[in-house]
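The sequence and the model are shown first, and the description follows.

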Amino acid sequence: MKRLIHHFLLPVLLLAVSACLAADVPYLTGRVTDNAKILSAETHRSLTELLKAHEDSTGNQVAILTVPSLDGESVEDFAYRVFNEWKLGEKEKDNGILILVAPNDRRMRIEVGYGLEAVLPDGLAGDIIRNKMTPRFKEGDYNGGIAAGTRAVVGILEGGSASELAAGEGGSSGKSSSTHIEEPDLPIHMRILFGAFIFGIIGLFTAMGILTPGVGWFLYFFLIPFWAMFPIIVVGFKGALACLVTYLVGFPIAKLFLKKTDWYKKAAKDLKSKGTATIGGFTLRSGGSGSSWSSGGSSSSGGSSFSGGGGSSGGGGSSGSW
């Protein structure tokens, strides 16, 4: 009975609790639904007229939604639910766009329907968020930020110059949306969790490489791609570059320093003479292809593999914070 609860009922209960905690999808009251009450009457009116004229001329359906808070839900998931419940765009064309702003969470997203992804790709939507909306939001100007972002979206949909419309206030952004490397778009608690996992794994193998005579230099070169790419998820491009440089310089220095210590010399000698050495409670064994680690408390070995699966969120777009 306990096994039945654990394997079947518990996941169902967790899903039910998650569904209850998720923010309700607001009613679609118009092209501009300002539930957070951050838009002036004039901005509300002018944006409604702009979006109506755009829909009349192109058939594209653009809607704006502001909510005070996402109630703990990610902006991507909430925007996806709203977009599909509101059924934005024509049925056969999927030509809808949702501009979502949650001021209390300082989060926003431009959710793009399938039919408009080629016209407004994720990178370009991100440029609009960073260059048109975020600077104004940081100043507390929600009217100006939402208006500027909406006009940029409409301008691109109507054939305007993407580089000009998505550029910052000082002119062209100077970066192509197809080559621009975006900073990580994750809340702080997600960065902590991903960071603990990523740096825990590659940090462990880095320590093994530093402490291991012989095969350690193989691990040094083997881990370079991992230190170059994985930290981007947590600390962004510049942070990852700093991690890589630190690794490239720090690993050899630590290795050469430890090589002069007595216990390292003894471990290297034991590997050559006995075929095994003990370092920090772990047994290091040498073999025909190098060395291997195993726990000092067990003679059995095990392993696990990491693999990813494919999936789709059902729509493109980009998110941001300020």
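Arg106 is partly exposed, with a relative accessible area of 39%, in a model that is predicted. This residue lies in the loop between E3 and strand E4 (107-112), and its phi is positive, about 55°, although Arg106 is not a glycine. Most residues other than glycine have a negative phi.

Lys87 also has a positive phi without being a glycine, with a value near 55°. Its place is in the loop that links helix H3 (75-86) to strand E3 (96-102). Lys87 counts as exposed because its relative accessibility is 63%, and the cut-off for that class is over 50%.

## The chain as a whole

The secondary structure of the chain consists of 11 helices and 8 strands. Of the 322 residues in the chain, 38% are buried. Among contacts with a separation of 6 or more, 66% are between residues 24 or more positions apart.

How many residues of E3 are buried? The strand is mostly covered, and 7 of its 7 residues fall in the buried class. Gly96, Leu98, Leu100 and Ala102 point one way from E3, whereas Ile97, Ile99 and Val101 point the other way, and all of them are buried. In a regular strand the side chains alternate between the two faces of the sheet.

Strand E2 (residues 61-66) runs parallel to E3 and is joined to E3 by 6 bridges. Within this pairing, Gln61 stands opposite Gly96 in E3.

## Helices H4 and H5

Two packed helices are described by the angle between their axes and the distance between the axes. For helix H4 (residues 122-138) and helix H5 (residues 142-157), the axes come within 7 Å and cross at roughly 155°. H4 and H5 are therefore roughly antiparallel to each other, since angles over 145 degrees are classed in this way. The crossing in which H4 passes H5 is right-handed.

On the H4 side the contact involves Leu124, Ile128, Lys132, Met133, Arg136 and Phe137, and these meet Tyr142, Gly144, Gly145, Ile146, Ala148, Gly149, Ala152, Val153 and Ile156 in H5. Sorted by class, the contact of H4 with H5 has 10 nonpolar, 3 polar and 2 charged residues.

## Helices H7 and H10

Helix H7 (residues 188-211) packs with helix H10 (residues 232-258) at an angle of about 20°, and their axes are 11 Å apart. That angle makes H7 roughly parallel to H10, because the class takes in angles under 35 degrees. H7 passes H10 in a right-handed crossing.

From H7, the contact is made by Arg191, Phe194, Gly195, Ile198, Phe199, Thr206, Gly209, Ile210 and Leu211, and from H10 by Ile233, Val234, Cys243, Tyr247, Phe251, Ala254, Lys255 and Leu258. By class, the contact of H7 with H10 comprises 12 nonpolar, 3 polar and 2 charged residues.

Is Thr206 buried or exposed? With a relative accessible area of 9%, Thr206 is buried, because that class covers values under 20%. Thr206 is found in helix H7 and, leaving aside its neighbours within four places in sequence, is in contact with Leu223, Trp227, Tyr247 and Phe251. Tyr247 and Phe251 are also among the H10 residues that make the contact with H7.

Key. Residues numbered from 1 in each chain as written. Predicted model: local features only at pLDDT ≥ 70, side-chain atom pairs only at ≥ 80, totals over all residues. Heavy atoms only, no water. Helix = DSSP H or I, 4+ residues; strand = E, 2+ residues; numbered from the N terminus. Buried < 20%, exposed > 50% of the residue type's maximum accessible area, 1.4 Å probe, protein only. Axes fitted to C-alpha atoms, helices over the stretch in contact; angles between N-to-C directions. Parallel < 35°, antiparallel > 145°, perpendicular 65-115°, else oblique. Left-handed = near helix turned anticlockwise from the far one by under 90°. Contact = heavy atoms within 4.5 Å. Nonpolar A, V, L, I, M, F, W, Y, C, P; charged D, E, K, R; others polar. Pairing = 2+ DSSP bridges.
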